[in-house]
Amino acid sequence: MCGIIAYTGTQQALPVLLDGLKRLEYRGYDSTGVSLISRKRIKTVKAAGKLNVLESKLDTPVSGHCGIGHTRWATHGAPTDENAHPHYDADHRYAVVHNGIIENVDALKAKLGKKVTYTSETDSEVIAHLLAQHGGDFVDALRDVLLQITGTYGLAVIDKEHPDTIIVARNGSPVILGIKDDEMLAASDMSALSRYTNQVIHLDDGEIAVLKPGHFEVSRLDSTVSEKQAITLNLQNANYDRGGHPHYLYKEIVDQPDTVRQTLSGRLDERFSTAHLGGLNLSARDLIGIKRITILGCGSALYAGMAGANMIETLARIPVNAEPAAEFRYRNPVIEQDSLYIVVSQSGETFDTLAALREVQRKGGFVLGIVNSVGSTIAREVDGGIYMHAGPEVSVASTKAYTSMLTAFSLLALLLGRSRDVSPQKGNSIINELKALPEKISQVLTLETDIAKIANKYKKSASAFFIGRTSGFPVALEGAQKLKEISYIHAEAYPASELKHGPLALVTKKTPCVVILPDDELLLKTVSSMEEIKARGGPVIAVTSSDSKRIDKLADAVLRVPASGTLTQPVLMGIVLQLLAYHSAVSLGRDVDQPRNLAKSVTVE
Ligand code: AGP
């Protein structure tokens with residue numbers, strides 16, 4: 001969603017803010033803006049469009065050592081210059097950048113009265129006017145204003161009367177402080193801070209922090225002091241560069257042999273033929289006591305959860321279901337003491353996933369997280385978990401994080417399986433399967449030229465189908481998701497068995513069907529679905545690990561991944577579909593890393 005960056009210190013603030021905005025742009029990017037305190041005045045420059053539009057408006061740089069910046073993903077009001085943040089009051093005393101939604105904006109506007117003129121359609125602007133009306137001490141004024149707000153916020157405010165001070169606050173939308181000698185930074189995302197410091201503090205909901213050069217003070221809205229210690233982040237994997245690749249997405253796809261290695265690193269316990277997952281906070285006795293598992297996530301994280309459910313159920317014989325987090329939290333779910341709940345999230349900030357986690361914990365349930373972003377809100381609030389260690393994922397479409405989610409689920413399935421009936425021999429063969437995975441991913445990447453040709457051949461299709469069964473179905477869902485997200489080709493996934501119950505009516509020679517065929521006991525049944533598609537003239541692209549000649553005979557194109565065990569086949573096939581989506585998008589000239597209407601981290605409901 002939107003991104004915030006704030007800086008106060010000895011350097012010129014503008015280059016720091018622009019650099020931060022560049023790194024935040026992937027979160028939301030329909031407009032950008034900055035405000036700086038320059039010679040006791042607040043100067044604000046903002047622009048609809050990408051960061052380069054703002055940069056061109058800043059030909060004559062604004063000087064100043066204290067400022068705030070924002071990238072916006074529109075919620076209230078279209079992406080225009082006026083609606084871009086920062087927002088200010090009539091006298092330009094205060095400037096505000098805000099992530100989140102103010103639900104009682106109408107009531108607050110009514111309170112402000114008719115004399116106030118608004119320059120934007122946003123809910124956020126009301127904060128600047130409320131501050132102006134309040135006046136007085138900066139911190140007290142902001143505290144009072146925040147106490148009137150119903151909704152969510154991560155925000156940063158400057159006041160020209162306090163030219164070196166920034167106040168940030170958090171309620172439901174992340175804010176991280178970056179600490180550095182005689183400077184202070186704040187941002188909504190680590191990506192904007194990692195170049196400057198590895199000393200960070202994550203604000204919790206209800207906290208407010210006053211930042212001055214080299215100094216910070218955190219308190220709660222009721223003025224009680226919060227004792228916060230900075231944590232040192234390991235920035236070894238925090239690589240935000242494209243590494244010479246044309247797109248972040250491409251880099252993130254081809255990096256997967258390494259990122260999977262990182263997810264597996266130190267976690268294969270050959271001595272006991274199991275997985276070593278130190279952060280679960282579950283004893284062996286707890287593990288055997290688990291009677292049911294519910295996995296929660298959104299979008300690709302949900303599809304990874306569905307794949308994980310198959311893995312765990314198959315190996316550990318525990319009933320598992322995966323559900324959209326946003327739906328789960330609103331259906332007054334029954335939380336059971338002997339159930340394990342798992343939330344899955346790359347960013348660790350997805351609002352709906354976080355809300356589901358809190359709902360389970362509120363009812364006394366135990367929640368594990370499978371999270372990529374170290375120190376994120378979900379990572380901090382879960383009872384235990386598995387970090388993916390995939391490194392920062394910048395492109396909006398998830399690839400390496402999705403693959404690492406599957407890898408983390410394989411480890412968990414192995415651990416749960418070995419805590420039950422899986423034999424040491426079977427455990428060892430799974431360990432060997434996982435050890436071989438990075439090399440097999442490298443082999444899949446060599447299919448790229450063939451995949452690019454197929455993408456080019458079908459790029460004009462108005463619609464595509466993805467089908468698979470059991471472990472192949474979540475792969476189909478994720479394949480359709482990737483294609484629609486970045487190429488804008490309409491794509492739907494179905495269990496192959498469902499095709500004849502409706503969607504087959506839409507199959508023509510113009511609708512390519514991607515058929516996922518893991519080499520399992522359902523292979524021949526999925527081949528029958530291929531026959532049904534061919535009988536209606538539909539082009540078939542088969543993605544398989546089987547060497548069946550029937551597949552070659554029927555399909556218009558076959559993309560064959562190396563043979564592997566049941567846990568890792570979905571990973572290999574998923575990577576084929578990532579490349580298919582990538583090359584379709586590139587050949588259609590799409591904005592691969594920043595697809596229209598989408599944001600990387602969805603921190604609003
Ligand atoms: C993935 O390609 C999507 N952009 C999206 O579905 C994403 O997976 C979803 O929003 C969940 O994000 P999270 O993993 O950060 O929670």
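Mentor: Let us begin with contact, which means heavy atoms within 4.5 Å. Under that definition, and leaving aside its neighbours within four places in sequence, Thr377 is in contact with Arg170, Gly348, Glu349, Leu354 and Arg358. The model is a predicted one, in which local features need pLDDT of at least 70 and side-chain atom pairs count only at pLDDT 80 or more, while totals for chains, interfaces and linings use all residues. Residues are numbered from 1 along each chain as its sequence is written, and side-chain values use heavy atoms, with hydrogens and water left out.

Trainee: Why is Thr377 called buried?

Mentor: Buried means under 20% relative accessible area, exposed means over 50%, and partly exposed lies in between (1.4 Å probe, protein chains only). Thr377 has a relative accessibility of 1% and therefore counts as buried. This residue is found in helix α12, residues 377-381; helices (H or I, at least four residues) and strands (E, at least two) are DSSP runs, numbered from the N terminus.

Trainee: What makes the pairing of the side chains of Thr377 and Arg170 a polar contact?

Mentor: A polar contact is a pair of N or O atoms within 3.5 Å; within protein, one must be able to donate a hydrogen and the other to accept it, and residues adjacent in sequence count only if both atoms are side-chain atoms. The side chains of Thr377 and Arg170 make such a contact at 3.1 Å.

Trainee: What makes the crossover from β17 to β18 right-handed?

Mentor: A crossover is right-handed if, with the strands pointing away from the viewer, the path from the first strand over the helix to the second runs clockwise. Here the chain leaves β17, passes through helix α9 (residues 299-316) and reaches β18, and this β-α-β crossover is right-handed.

Trainee: Which strands form the open sheet, and in what order?

Mentor: The order is β18-β17-β19-β20-β21, with parallel pairing. β18 and β21 (384-387) are the edge strands, since each pairs on one side only.

Trainee: How are the packed helices α7 and α13 described?

Mentor: Two packed helices are described by the angle between their axes and the distance between the axes. Axes are lines fitted to C-alpha atoms, for helices over the stretch in contact, and angles run from 0 to 180 degrees between N-to-C directions. The axes of α7 (residues 256-264) and α13 (residues 400-418) come within 9 Å and cross at roughly 35°.

Trainee: What makes Arg39 and Asn281 exposed?

Mentor: Arg39 has a relative accessible area of 74% and is therefore exposed; Asn281, at 53% relative accessibility, also counts as exposed. Arg39 lies in the loop between β2 (31-38) and β3 (41-48), and Asn281 in the loop between β16 (274-275) and α8 (284-288).

How values were computed: Two strands pair if DSSP finds at least two bridges between them.
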